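Please look through the sequence and turn the model slowly before reading on.

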Amino acid sequence: MTIYAIVTGAAGRMGSTICNLINLDKDIELVGAIEKHEYLEKIKGLTDTISSDLKEVASKYQNAVIIDFTYPDVTQKNVEIAVSTKNPMVIGTTGLNNEQMGFLEEAAKKIPLFWAPNMSVGINVLLTLLPKFVEMLGDLYDVEISEIHHKFKKDAPSGTAVKLAEVLRGAKGFDKEAIRYCRQGMIGERPKQEIGVQSLRGGDVVGDHTIYFFGPGERIEITHRAHSRETFAQGAIRAAKWIVNKQPGKLYTMKDLFEDV
Ligand code: NAD
């Protein structure tokens, strides 16, 4: 069965990678590429329907999965459209605030909706294994996270670093306030209940995340490096193929997809 996709932000770093990979995949067909009006020229030739009007294209292809890697406010508008046209949707946009995440949770009750701040297999395996590390290392080990991304990235910390910190915080049994983004000034000794997250930006780094476990007389560093955006794009395409058969009801994540294989 061929699956149909509409990609928003099709001229973007992620959007263009996803469109190109879809065009090489016989099981999924790109029926629409959406971009801001001024960039439509850049995406000419990707597919027959090039437009800046998602609503019009989604209404025409109501069985198509909308794949969205844009900006939080754009994503929210696109979800509103998907709810009105009843298209399933896969979202990779990061930097959404609590209100916007709440909006996604509500929309997920009406349409099949998938969101993951990192679509790579490696990061999602790591997310599954980290609680085991925390459990085995015990209380003596302090956990810190650093992330590096290209200079054009708009949000900080990365959605992946936030997710890693949340998973580690849960495993440690710490309060929500334990996550500390950046340190500066006379900060005093590091409290026991703390997970620091630091962001570096520069060059063309696709995405590096390191988790440190600092213990007495030793430390463990676990690093994930994304070499290319294809790893995220393949994850998004896999999610698009998976979500078409799902019912609305919950905001699906990579964990649901992996548990379903
Ligand atoms: P980008 O700036 O290269 O691309 C965004 C695109 O959206 C741009 O081409 C822009 O013109 C387009 N756009 C903006 N407003 C629009 C509108 N109203 N209609 C149509 N198109 C519009 O950004 P990027 O590097 O591709 O990243 C996009 C998002 O994906 C970011 O939030 C990033 O953090 C996230 N991301 C997620 C993953 C993941 O695995 N989940 C991986 C990489 C990046």
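This is a predicted model: local features need pLDDT of at least 70, side-chain atom pairs count only at pLDDT 80 or more; totals for chains, interfaces and linings use all residues.

Two residues are said to be in contact when heavy atoms of theirs lie within 4.5 Å. Met14, Thr17, Ile18, Leu21 and Ile22 in helix H1 meet Glu230, Phe232, Ala233, Gln234, Ala236 and Ile237 in helix H7. Sorted by kind, the residues of this contact comprise 8 nonpolar, 2 polar and 1 charged. The axes of H1 (residues 13-22) and H7 (residues 230-243) come within 9 Å and cross at roughly 60 degrees, and the crossing is right-handed.

From here we can turn to the sheet. Its 7 strands stand in the order E3-E2-E1-E4-E5-E6-E12, the sheet is open, and the pairing is parallel. At the edges are E3 (50-51) and E12 (251-252), each of which pairs on one side only. In general, strands of a sheet are paired through hydrogen bonds of the backbone, in either a parallel or an antiparallel manner.

Strand E1, made of residues 3-8, is mostly covered, with 5 of its 6 residues buried.

How do the side chains of a strand share out its two faces? In a regular strand they alternate between the two faces of the sheet. In E4, Val65 and Ile67 point one way and Ile66 and Asp68 the other way, and all of them are buried. E4 runs parallel to E5 and is joined to it by 3 bridges, with Met89 in E5 as the bridge partner of Ile66. Together, E4, H3 and E5 make a β-α-β unit that is right-handed.

Strand E5 (residues 89-91) pairs in turn with strand E6 (residues 113-115), in the parallel sense and over 3 bridges, and Ile91 stands opposite Trp115 in E6. Helix H3 (residues 72-85) packs on the sheet, where it touches E1, E4, E5 and E6, and its direction makes about 170 degrees with that of E5. Helix H4 (residues 98-107) lies across E5, E6 and E12 and runs at about 145 degrees to E6.

The last stop in the sheet is Ile50, which lies in strand E3. Is this residue buried, exposed or partly exposed? Its relative accessible area is 24%, and Ile50 is therefore partly exposed, since a residue counts as buried under 20% and as exposed over 50%. Apart from its neighbours within four places in sequence, Ile50 is in contact with Ala33, Leu40, Ile43 and Lys44. The C-alpha atoms of Ile50 and Ala10 are separated by 9.2 Å, although the two residues are 40 residues apart along the chain.

Strands E10 (residues 208-215) and E11 (residues 218-225) pair in the antiparallel sense over 8 bridges, and Asp208 stands opposite Arg225 in E11. The two strands form a hairpin with 2 residues between them, and in its turn Gly217 has a positive phi of about 80 degrees.

Definitions and conventions
Residues are numbered from 1 along each chain as its sequence is written. Side-chain values use heavy atoms; hydrogens and water are left out. Buried means under 20% relative accessible area, exposed over 50%, partly exposed in between (1.4 Å probe, protein chains only). Helices (H or I, at least four residues) and strands (E, at least two) are DSSP runs, numbered from the N terminus. A crossover is right-handed if, with the strands pointing away from the viewer, the path from the first strand over the helix to the second runs clockwise. Axes are lines fitted to C-alpha atoms, for helices over the stretch in contact, and angles run from 0 to 180 degrees between N-to-C directions. A crossing is left-handed if the near helix is turned anticlockwise from the far one by less than a right angle, and right-handed if clockwise. Ala, Val, Leu, Ile, Met, Phe, Trp, Tyr, Cys and Pro count as nonpolar, Asp, Glu, Lys and Arg as charged, and the others, Gly among them, as polar. Two strands pair if DSSP finds at least two bridges between them.
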